[in-house]
Amino acid sequence: MVAARVPLIAGNWKMNLDHLQAIAFVQKLAWTLDEAKHDTAASEVAVFPPFTDLRSVQTLVEAEKFSIAYGAQDVSTHESGAFTGEISGSFLASLACSYVLVGHSERRQFHGETNDVVGAKVRAALSFGLVPILCVGETADDLEEFGASAVPVAQVKASLAGISADAEVVIAYEPVWAIGSGKAATEEQAELVCGALRETLRENFGSEFADRTRILYGGSVKASNIAAFMRQSNIDGALVGGASLDVAEFASIVRFYKHVI
Ligand code: PGA
């Protein structure tokens, strides 16, 4: 992590917590962080609830002026029209979402999202003023066949093609084998891949873009391993799944700067 980049701790709730549970959770998270005197300049926190929770989360965050950002877990490539079940980036923007996850491995695996589709979602998000969090990562087979960096680097190249060097995006490196497995990558391996991703950004969009773009690690992040990741110079935060559903655990991850030596 480099001082100029504000670390981002993002909680991907996946298909968990309905809108009532979301309100209770966000309220408790805000109180917990407040009580612990969380320094909002030291790390930014964002939650990614299901679509049906977003309006409730917005209402609460705005009413209470919580320093908690939020976003959606997916976005349509289209702006509007006959696309049953899809959600436009314009709808997310009007709920004051800051971010949207794009190309999560579960979307790639269960919904057949290709790099082309993911790239179209990145461009759709940007066109509505949302910051896409582009998720990339290799499977266990990819790791064996191509090593750790090749697949995520190719995914980043393919999905960011054609965007402006002025754009704000976040990259989340999530080895598929580490997601939900309880077996996180080592900090050395995560740093190696995040470093390779930053070089890819530098080659394709220049140094200014590469130096300001946040690259997160995701995959079995917990309060007990976050510090090791955050000590790496190319890791600027985490995308957290399972551990983001426990308020105390997630708040402790958000406050990693208290346990990074
Ligand atoms: P996990 O999920 O933290 O439960 O491994 C991460 C993710 O899928 O974003």
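**Exercise 1.** In this predicted model, determine which residues on the other side of helix 1 are exposed, and which residues of helix 1 are buried.

*Solution.* Step 1: exposure requires over 50% relative accessible area; on the other side of helix 1, L20, W31, D34 and E35 are exposed. Step 2: burial requires under 20%, and A22, F25, V26, L29, A30 and L33 of helix 1 are buried. Step 3: viewed down the axis of helix 1, the buried residues fall within an arc of 130 degrees, so they line one face of the helix. Step 4: residues three or four places apart point the same way because an α-helix has 3.6 residues a turn. Step 5: the packing partners of the buried residues are strand 2 (44–48), helix 2 (54–64) and helix 11 (247–254).

**Exercise 2.** Describe the span of helix 1 and what is found at its ends.

*Solution.* Step 1: helix 1 comprises residues 19–35, that is, 17 residues. From first to last C-alpha it reaches 24 Å, close to the 24 Å expected at 1.5 Å a residue. Step 2: the N-terminal end is capped by D18, with a side-chain oxygen 3.0 Å from the backbone nitrogen of L20. Step 3: just after helix 1, K37 adopts a positive phi of about 55 degrees.

Definitions and conventions. Residues are numbered from 1 along each chain as its sequence is written. This is a predicted model: local features need pLDDT of at least 70, side-chain atom pairs count only at pLDDT 80 or more; totals for chains, interfaces and linings use all residues. Side-chain values use heavy atoms; hydrogens and water are left out. Helices (H or I, at least four residues) and strands (E, at least two) are DSSP runs, numbered from the N terminus. The expected span of a helix is 1.5 Å times one less than its number of residues. Buried means under 20% relative accessible area, exposed over 50%, partly exposed in between (1.4 Å probe, protein chains only). The arc is that of the directions from the helix axis to the C-beta atoms. Contact means heavy atoms within 4.5 Å. A polar contact is a pair of N or O atoms within 3.5 Å; within protein, one must be able to donate a hydrogen and the other to accept it, and residues adjacent in sequence count only if both atoms are side-chain atoms.
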